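Please examine the sequence and the three-dimensional structure shown below.

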Amino acid sequence: MITSVLPARPAPDATRDASITAWALAARSGDPAAVDAFVRALHRDVTRFVAHLCADPQAVDDLAQDTFLRALGSLHLFEGRCSARSWLLTIARRAVVDSHRYAAARPRAADVPDWQLAVEHAQPHGLPGFEDGVALLDLLAALPDERREAFVLTQLLGLPYAEAAQVSDCAVGTVRSRVARARAALQDQLS
């Protein structure tokens with residue numbers, strides 16, 4: 001069953017989201033403590049989201065940093081009409097899309113004769129749950145991009161469907177459909 005492989009979905013915390021949004025609004029006016037609290041509160045969510053969308057594990061930290069640079073640069077435009085978390089994840093999604101566009105326009109050559117062997121040797125071994133994590137990543141990678149994005153936003157990051165729809169720039173029903181189809185595909189792949 002799929003629950004044995006997937007981690008438990010975190011419960012949405014309205015108080016936490018309200019605090020984060022308050023920090024973002026305070027950071028708008030230049031409060032350095034609020035900026036620090038805002039970044040610390042969302043760094044893990046942004047990194048996880050980017051990691052699931054990005055095809056290059058080496059680029060995750062750079063994309064997360066780019067997300068925060070973009071957000072802090074445009075924080076003066078944030079009005080608090082949605083949660084700061086949704087707003088930031090939307091920026092993260094755009095950063096990943098821009099990265100894909102840039103990579104497609106400028107492909108990089110590998111410096112090694114056998115890049116697949118180099119990747120296999122670079123992977124950590126012997127960590128508890130490593131195989132399950134690899135299996136989950138493989139299953140998620142097999143999903144179409146839209147379904148994977150909706151699944152990660154709602155099931156792994158715990159965003160409500162309405163906020164996931166905002167981040168994905170689509171209707172709530174579309175997100176629900178994508179998540180249901182992703183679940184079904186994951187269950188089929190596991191059995």
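**The nonpolar core and its surroundings**

The largest nonpolar core has 46 residues, and those with the most contacts inside it are Phe 38, Val 46, Phe 49, Val 50, Leu 89 and Leu 153. A nonpolar core is here a set of buried Ala, Val, Leu, Ile, Met, Phe, Trp, Tyr and Cys residues joined through side-chain atoms within 4.5 Å. Buried means under 20% relative accessible area, exposed means over 50%, and partly exposed lies in between (1.4 Å probe, protein chains only). Two or more residues of this core come from each of α1 (14-28), α2 (32-53), α3 (60-73), α4 (84-105), α6 (130-142), α7 (145-156), α8 (161-168) and α9 (172-190). The largest share, eight residues, is given by α2. Helices (H or I, at least four residues) and strands (E, at least two) are DSSP runs, numbered from the N terminus.

The model is predicted: local features need pLDDT of at least 70, side-chain atom pairs count only at pLDDT 80 or more, and totals for chains, interfaces and linings use all residues. Residues are numbered from 1 along each chain as its sequence is written, and side-chain values use heavy atoms, with hydrogens and water left out.

Val 46 illustrates the packing. Not counting residues up to four places away in sequence, Val 46 touches Ala 64, Thr 67, Phe 68, Leu 88, Leu 89 and Ala 92, where contact means heavy atoms within 4.5 Å. In soluble globular proteins, nonpolar side chains tend to be buried together.

Helix α9 has 19 residues and reaches 27 Å from its first C-alpha to its last, close to the 27 Å expected at 1.5 Å a residue. The expected span is 1.5 Å times one less than the number of residues. Which residues of α9 are buried? They are Val 175, Val 179, Ala 182 and Leu 186. Seen down the axis of α9, these buried residues fall within an arc of 65 degrees, so they line one face of the helix; the arc is that of the directions from the helix axis to the C-beta atoms.

Charged side chains form a further set of links. A search of the whole structure finds nine salt bridges, each defined as a side-chain nitrogen of Lys or Arg within 4 Å of a carboxyl oxygen of Asp or Glu. One of them joins Arg 40 to Asp 36, with the closest N and O atoms 3.0 Å apart. Both residues lie in helix α2, four residues apart, about one turn of the helix. Arg 40 is exposed, at 65% relative accessible area, whereas Asp 36 is partly exposed, at 39%.

Other salt bridges connect separate helices. Arg 70 and Asp 98 meet at 2.9 Å, N to O, and this pair links distant parts of the chain, from helix α3 to helix α4, 28 residues apart. Asp 66, Arg 70, Asp 98 and Arg 101 are linked in a network of salt bridges. Glu 149 and Arg 93 meet at 2.4 Å, N to O; Glu 149 lies in helix α7 and Arg 93 in helix α4, 56 residues apart. Glu 149 is buried, at 5% relative accessibility, while Arg 93 is partly exposed, at 24%.

Finally, the structure holds one aromatic pair. Phe 78 and Trp 87 form this pair, which is tilted, at 4.9 Å centre to centre and 40 degrees between the planes. Rings of Phe, Tyr and Trp (its six-membered ring) pair if their centres lie within 6.5 Å; planes under 30 degrees apart count as stacked, over 60 as edge-to-face and the rest as tilted. Phe 78 is buried, at 2% relative accessible area, and Trp 87 also counts as buried, at 16%.
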